[in-house]
Amino acid sequence: MKARRMKLTACLLAGAILFSTGAAPAMAGGAKDAADLPMAGFSLALADVDLEEEDRLSQDIKQEAEEAAREQEAAEQALAEFYARTGVVQTDDYVNVRSGATEDSEIVGRMENHAVAQVEGEENGWYRITSGSISGYIRGDFLTVGDRELIDSVKLRMAEVQADTLRVRAEASTEAEIRTLAADGSQLQVLDESIPGWVKVSTAEGEGYVSADYVSVADTFLYAKEPEQVSGGSAVAEYGLQFVGNPYVWGGTSLTNGADCSGFVMSVYAHFGVSLPHSSAAQRGVGREVSYSEAQPGDIICYSGHVAIYIGGGQIVHAANERSGIKVSSATYNNILTVRRIFN
């Protein structure tokens, strides 16, 4: 814009000089009139150019401001739509994502507590959702939708390693002890960013510090995961043993906060994509029957009014009672009615 004004000014000045030297003799009047008139015309022309340039500048500023306002409005609208369509899982353990809006539909994913999903529709009390790479249906009573405060509270601040090998140190100093090493692309949960040049992170070996120069920090969320695949019942038995010591709750299905005997068996198998009824009597009819002498880890041992998971070596893991909670016992502590095998 400044260059344009200089060109215009130069042209006007040249015109004024030519006018004052070439046109003056032909004009009537004295030398003073002949000299004054071209300069007056030049001043008026320059003033007009200045006004035009100011007007153009004003229009440019106005257009830029309007464009910025439109972009801001679009960003705010997109953010509002994101919050309105985002749901947060609220459960004691996890909830299954199914291929259809029924309990009998195939399990295509699993969402842990505080995992998030984008809601795409609703059908008979179920939400149609997409969470990460998994799409399907989730029961509506497990998903809280549109709660901005809740959504913000479950954000995860993560640091992605951008170096072949990054040292995680015990303190925020290059002289501090190396606690562990993180590979390129590793995701580390951020705990604090208050020390300039350093990021405090959580690792499997405990808390530590990494150089801010070698990580990319951003907010993210927990998303659905694919259901685990198993080749046999041993994985079921190992998984069930993780909850030994947790409470017995009549009618419960939570492996952490409390389950009854059939709720415990149901929830352990649900972790591997198998849907079982919440009833010890009904579980006596699932899978196929085998003899106790053929029992393998993961088989369901059925008693009168009770069920358990066989873990091998003549032992079971089960939600025993309110006094004992989830524990390991002898499989023959009571009369066995039947043994059911889910995995061949």
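1. The side chains of R70 and E67 form a salt bridge, at 2.6 Å from N to O; the term is used for a side-chain nitrogen of Lys or Arg within 4 Å of a carboxyl oxygen of Asp or Glu. R70 and E67 are three residues apart in helix α2 (residues 31–85), so about one helical turn separates them. Helices (H or I, at least four residues) and strands (E, at least two) are DSSP runs, numbered from the N terminus. R70 is partly exposed at 48% relative accessible area, and E67 is partly exposed at 34%. Here buried means under 20% relative accessible area, exposed over 50%, and partly exposed in between (1.4 Å probe, protein chains only).

2. A word on the source: this is a predicted model, where local features need pLDDT of at least 70 and side-chain atom pairs count only at pLDDT 80 or more, while totals for chains, interfaces and linings use all residues. Residues are numbered from 1 along each chain as its sequence is written, and side-chain values use heavy atoms, with hydrogens and water left out.

3. The whole structure has 10 salt bridges by this search. Another of them joins R341 and D299, at 2.9 Å from N to O. This pair links distant parts of the chain, with R341 in strand β22 (residues 338–341) and D299 in the loop between β17 (288–290) and β18 (300–303), 42 residues apart. R341 is buried, at 7% relative accessible area, and D299 is buried too, at 2%.

4. On a 1 Å grid over the protein atoms alone, a cavity is a set of points where a 1.4 Å probe fits but cannot get out, and a pocket is an open set with protein on both sides within 12 Å along at least five of seven lines; lining residues have an atom within 4 Å of a point. Grid points are joined across faces, edges and corners, and a volume is the space filled by probe spheres set on the points.

5. Which element gives the most to the lining of the largest pocket? Strand β2 does, with four residues. The volume of this pocket is about 550 Å³, and of its 21 lining residues, Y94, N96, F142, T253 and M266 are the closest to the centre.
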